[in-house]
Amino acid sequence: MPEKNNKIITENLNFYYGKFQALKDINIKIGEKKVTAFIGPSGCGKSTFLRTLNRMNDLLGEVRIEGKVLIDDSDIYRSDVDVVTLRKKMGMVFQSPNPFPMSIFENVAYGPKIHGIKNKNTLQEIVEKSLKQAFLWDEVKDDLNKNALSLSGGQQQRLCIARVLAVEPEVLLMDEPTSALDPISTLRIEELIQDLKKEYTIVIVTHNMQQAARISDYTAFFLNGEMVEYDRTENIFTKPKDKRTEDYITGRFG
Amino acid sequence: MKKLNKPCRISQLSDKIAKPLLFGMALTAFSITVLIAFFIFQQGLPVLGEYGIWNILTGKSWRPTEGIYGILPMIAGTFYVTFLALAIGVPFGLATAVFLAELATEKTARIIRPAIELLAGIPSVIYGLFGMVVINEAMRFIEREILAGVLPPEYRWGYSILSGGMVLAIMILPTIINISEDAIRAVPRSYKEGALALGSSHIQTILQVILPSAKSGIISAVILAMGRALGETMALIMVIGNVPMLPRHGILSLFAPAATLTGTIALEMGYAGPEHRAALFMIGVVLFCIIALLNSFAMAATRRGVGK
């Protein structure tokens, strides 16, 4: 699909939870600085797939993975890969906002701190820059010491995005980032994604097909662990090639 | 429809009985606390009044036969062993809790956890026996063979604050481990995932996100353990020496024999005359107040943790 500058490539990726096969032979090429959306009904494997890209599934124990995941042409499942560096590069935003129970400042400064930045002024700059990038600065600049949990849901999610941006990732993996938010907050996050794609490769899992249509350049449709169809977003939504894709986007199931 | 509207007799009746019954039981629990407080105060307060609260709390000698009732040595003894126990027990217990909640495989946890449960069930007199034959023997060896040159003679018979602290440290381990482990497990998974996704190592995640998030639970664990340590009687009687004297050799005081508030009451009540007896009740009053104070700290700490 995306012709040149592929950031992420998977080859014959299979994924098992114990005996259950959650992903079947996924082959995909995800373009750099593009927004790629994964859509599909619940349990189709789209979130599982997203989590194979920063090895968050490693935490689950009874899992097995076959095939290759290449990021910038290097296999991230090779035994000598440093997971910490990988995860720093592949920032992740979760389904429900998960700020740490600390101040706004500490939340954003957390990442840079664990990666060794100690200078207070530098941290201050990173926090300001990240919050500005996440369109949150104006709302919180006067009380950076306030507990992050006192923010609204939408603000919390933008804070989580700022927290990810602060470690300077190259890819943003977003796992249904707006599913817990109201429409206005959702809109703000979508605008933010449009803005961020200038600098970042964005992969977003969404339940919401309109959202995929609005914000993504490419869309992949997943069903029962298979990637049924992957194409430019306008093609997926106007002239899908597979009957199952058509059934899904026209609302016949899902 | 008719059936629905008709109140079910049995459930209505049981509601009528159950509510007052439950209320009555709750009231009983409350009243017993009040009664205990009342009688201890009733018995102990006259001595406080007669000798003056300040003289008693700061009095350095306890000679009941001569009518001298200073309890500072026992207060000091109790606090020394308690803080020593916390200083040893909290790091150990917390480390174990982190290990069980975050690092141990199911198989390992299945071996360690029952052992800790068992530790919680061992009667304190057994801890006392263990302390006498193992810890005190070891202490005596150290005091006589290694530190003989520096220790005053009365500090060389094994019974000591340090022995008491060590025995207590073991006794409070289950409390610290169980409550902290629960607190650590109660930290939302999403915090952990968020931290790991930012590229934290597992240990960084534990130290910088999970433990701070479990802080209020861990504080309750420490305070409960402190309560347990303050109240412990039997095991300490057996290892601490029961000498109501203020230790005064700086850091060497770790090797000093001492007495605790609880131990003094338990040991002396059997042969106490009327005034002595009242004085022992007065020690009870002091203990009661310390524990009440501690409980209110615990509640405040937990509430602040929740509110945050």
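## A buried threonine

T206(A) counts as buried because its relative accessibility is 2%, under the 20% limit for that class. This value, like the others in this report, comes from a predicted model. T206(A) lies in the loop between β8 (201-205) and α8 (209-215) of chain A.

## Contacts of T206(A)

The side chain of T206(A) takes part in two kinds of pairing. At 2.9 Å it reaches the backbone nitrogen of N208(A), and at 2.8 Å it makes a polar contact with the side chain of Q211(A).

When neighbours within four places in sequence are set aside, T206(A) is in contact with F38(A), I39(A), G40(A), K46(A), E176(A), Q211(A) and A212(A).

## Packing of α3 against α6

In chain A, the axes of helix α3 (residues 104-114) and helix α6 (residues 153-165) come within 7 Å and cross at roughly 35°. The crossing is right-handed. Helix α3(A) contributes I104(A), N107(A) and V108(A) to the contact, while α6(A) contributes L159(A), A162(A) and R163(A).

## Packing of α4 against α6

Helix α4 (residues 120-133) of chain A also packs with α6(A), at an angle of about 130° and with the axes 8 Å apart; the two helices are therefore oblique to each other. The crossing of α4(A) and α6(A) is right-handed.

This contact is made by S130(A), L131(A) and Q133(A) of α4(A) together with L159(A), A162(A) and L165(A) of α6(A). Its residues divide into four nonpolar and two polar, with no charged residue.

Definitions and conventions:
Residues are numbered from 1 along each chain as its sequence is written. Chains are lettered from A and ligands numbered from 1 in the order in which they are written. This is a predicted model: local features need pLDDT of at least 70, side-chain atom pairs count only at pLDDT 80 or more; totals for chains, interfaces and linings use all residues. Side-chain values use heavy atoms; hydrogens and water are left out. Axes are lines fitted to C-alpha atoms, for helices over the stretch in contact, and angles run from 0 to 180 degrees between N-to-C directions. Helices (H or I, at least four residues) and strands (E, at least two) are DSSP runs, numbered from the N terminus. A crossing is left-handed if the near helix is turned anticlockwise from the far one by less than a right angle, and right-handed if clockwise. Contact means heavy atoms within 4.5 Å. Buried means under 20% relative accessible area, exposed over 50%, partly exposed in between (1.4 Å probe, protein chains only). A polar contact is a pair of N or O atoms within 3.5 Å; within protein, one must be able to donate a hydrogen and the other to accept it, and residues adjacent in sequence count only if both atoms are side-chain atoms. Angles under 35 degrees count as roughly parallel, over 145 as roughly antiparallel, 65 to 115 as roughly perpendicular and the rest as oblique. Ala, Val, Leu, Ile, Met, Phe, Trp, Tyr, Cys and Pro count as nonpolar, Asp, Glu, Lys and Arg as charged, and the others, Gly among them, as polar.
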